[in-house]
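Here are my notes on this structure, written for a first read-through. Keep the 3D view open and find each residue as you go.

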Amino acid sequence: MGKTILKVDNLKTKYITRYNEDVYAVNDVSLEVEEGKSLGIAGESGCGKSTLALSLMGYYFAPLHYVSGDIVIDGKNISSLEPDAVRQSVLGQEIAYIPQSAMNALNPTRKIINFIEDVVLAHEPNSDKKEIRQLAETRFELLGLPKSVLDHYPVELSGGMKQRTVIAISVFLSPKILIADEPSSALDVSSQKMVIKMLLDLMDRGLVKAMIFITHELPLLYNVTDDIMVMYAGQIVEKGTARQTVFDPLHPYSKGLMGSIIVPEAGVRNSKLSSIPGVPPNLKHPPQGCQFAERCKYVVEECKTHEISMRPAEGDRAYRCIFGEDVLRKAYNNG
Amino acid sequence: MADETCETCLSGTNLTKIYAFGKSRTVAVDNINFCFNAGQVISIVGESGSGKTTLAKMLLGLTNVTSGQIYFRGKPLDISTSKKRKEYWKSIQAIFQDPYSSYNIFTKIDDVLLDCIHLRGGRKVPKEEKIAMMEEACRFVNLKFAELTNKYPFELSGGQMQRLMIARVFLLKPKILLADEPTSMIDACSRASILEMLLKLRDEINMTLIFITHDIGLAYFISDEVYIMEHGKIVESGSADEVILNPKEAYTKRLINDVPKIYEPWDLSTVDYHL
């Protein structure tokens, strides 16, 4: 067992719409990431993946509000901090975030070196700019980025290069945990591979101690992360190792997701894809009982009335369903 | 008009497109030859900047051809006047990458679908029949027409918009559908349903589907024939099984290597940062 870097207990956050309705986008999420491990979060658009990322960082700016639960990073509880205090002492040093579209994350009128100066000066206002430059050059070389990038404007870089630059800037202060939110979905396959290699390199070199990787691309998640969590309507519906979740999904929703995997390997062509019918529930008025009941093939009357909690399963995993694992596996085998 | 029985749906000889601006010249599509058979699913695969979209625009008649000739059903394609172009567009339709910018934001969904019926010459059809046709099209793509009336496209999600696009094609019944990265902005779950719908639509109205993508896994899943493009040239082509299971060109091999897989290990050691 490694040291626990991030521990989240029953985290609940909500959006307040302008008509004063509460939308619980992260609902009762608990997770734990150990040193040297990476955790993947999978799910459809709108299931709360990105909100979870923002919540983990303590980034509570309206309309996002904190409700309850604890976030502990390396022994330090950040859930009770004010957003501004979080920005000063947590972001960058404890936890770093890579947004989906690096193209829009950089101010076009500033050079790359300026962003790095900003990051360092925000945490240590008395640093020397020459020293920062030296540090930046060493760090960029270490990460396989040319030094000349430092003096370029963001528009002069290609998409993949920009994304890698953003990663290098986010981890400049060697944070304990890195959250990558769809870091490669706007890129083509070759740049995607470079970005992933860079993230794994960061872990190997110990520049970040643990990683949370958010994407809807399951083959990617399977190759990158140690554990996978599946999210649906703000809740975790399944937790397990990457191999367990991809090859032996328990929750009917995970099963549906795994049916949509497309890879260029023999036997895939003209095979039947399974897609999940229907749309996710409107979280303004969440249904009673199981959130997935409306779209589930194996639904019974009880699903719609009983609140369902996570239940443990064999092999140190957990899922949120009314049925036992044997019943589910049998149902999947029968189609 | 074109020959109805011609096996070849769309073909091109020595097709070239050069973008010129001042003294700089960019060869986007470089002297390519192709032949798409009717009723098949053809994928064009390549990285960003390989000329896939430029080829698509030329096939659609949205941009001029610098040199070479496109043949539509064996006859040279003539879209010199706007009347001829509109006639051609009855046979070829497109779905684009970004569903959010594919619609006129001032047009209601009813009118989007109604326009398609009118384009097929259904202007004089009684109103009830038009509604029945629209309902059928929506049912085909798993949307409920009753929930869409009096709504605007921006009230739908990205996946729903893209499905509405397919409903349009269902009503228009073109001979060719050109889909330019139709699923790259959509999550994996909706992507599966959209691919299934495109294949179902192909069988339903017997059209040729030209599918443009950078994801070779998608291309393998959906297509009968695959064309691999690199820097404006077609480097490899053939049936999907042939090209993707036994690739010959180094470029094709690299594209296949770059896609994360689940049954085989994903080799990250080949990554060269200094590309």
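Two residues are in contact, or touch, if their C-beta atoms, placed from the backbone, lie within 7 Å. Before the points, some housekeeping: this is a predicted model, where local features need pLDDT of at least 70, side-chain atom pairs count only at pLDDT 80 or more, and totals for chains, interfaces and linings use all residues. Residues are numbered from 1 along each chain as its sequence is written, while chains are lettered from A and ligands numbered from 1 in the order in which they are written.

1. Start with A:Ile179. Leaving out residues up to four places away in sequence, A:Ile179 touches A:Ala53, A:Leu56, A:Met57, A:Ile95, A:Tyr97 and A:Ile212. A nonpolar core is a set of buried Ala, Val, Leu, Ile, Met, Phe, Trp, Tyr and Cys residues joined through C-beta atoms within 7 Å. Buried means that 20 or more other C-beta atoms lie within 10 Å of a residue's own; 12 or fewer makes it exposed, and anything in between partly exposed, with C-beta atoms placed from the backbone. The largest core has 165 residues, and A:Ile177, A:Ile179 and B:Ile210 touch the most other members. The element that gives the most to this core is H6(B), with 9 residues. As background, nonpolar side chains tend to be buried together in soluble globular proteins.

2. Let's stay with that helix. Helices (H or I, at least four residues) and strands (E, at least two) are DSSP runs, numbered from the N terminus. H6(B) covers residues 158-172, and at 1.5 Å a residue its 15 residues should span 21 Å; the end C-alpha atoms are 21 Å apart, so the two agree. (The expected span is 1.5 Å times one less than the number of residues.) Since 13 of its 15 residues are buried, H6(B) is largely enclosed by the rest of the structure.

3. Now look at strand S8 of chain A, residues 210-214. Is S8(A) covered or open? It is mostly covered: 5 of its 5 residues are buried. In a regular strand the side chains alternate between the two faces of the sheet. Here A:Ala210, A:Ile212 and A:Ile214 point one way, A:Met211 and A:Phe213 point the other way, and all are buried.

4. Which strands pair with S8(A)? Strands count as paired if DSSP finds at least two bridges between them. S3(A), residues 38-42, runs parallel to S8(A) and is joined to it by 4 bridges. S7(A), residues 177-181, also pairs with S8(A) in the parallel sense, over 5 bridges. A:Met211 is a handy landmark: it is the bridge partner of A:Ser38, and A:Leu178 stands opposite it as well. S7(A), helix H6 of chain A (residues 189-204) and S8(A) make a right-handed β-α-β unit; right-handed means that, with the strands pointing away from you, the path from the first strand over the helix to the second runs clockwise.

5. Chain A has antiparallel pairing too. S1(A), residues 4-16, is joined to S2(A), residues 22-34, by 8 antiparallel bridges, and A:Leu6 has A:Val33 as its bridge partner. Their hairpin has 5 residues between the strands, and A:Asn20 takes a positive phi near 60 degrees there. S1(A) also pairs antiparallel with S4(A), residues 64-73, over 8 bridges, where A:Lys14 stands opposite A:His65.

6. A:Asn10 has a positive phi of about 40 degrees although it is not a glycine; it lies in S1(A) and, with 12 C-beta neighbours inside 10 Å, counts as exposed. The peptide bond from A:Ala62 to A:Pro63 is cis, with omega near 5 degrees, and A:Pro63 sits in the loop between helix H1 (49-56) and S4 of chain A.

7. Finally, where do the chains meet? 34 residues of chain B are in contact with 32 residues of chain A. H7(B) supplies the largest share of chain B's side, 7 residues.
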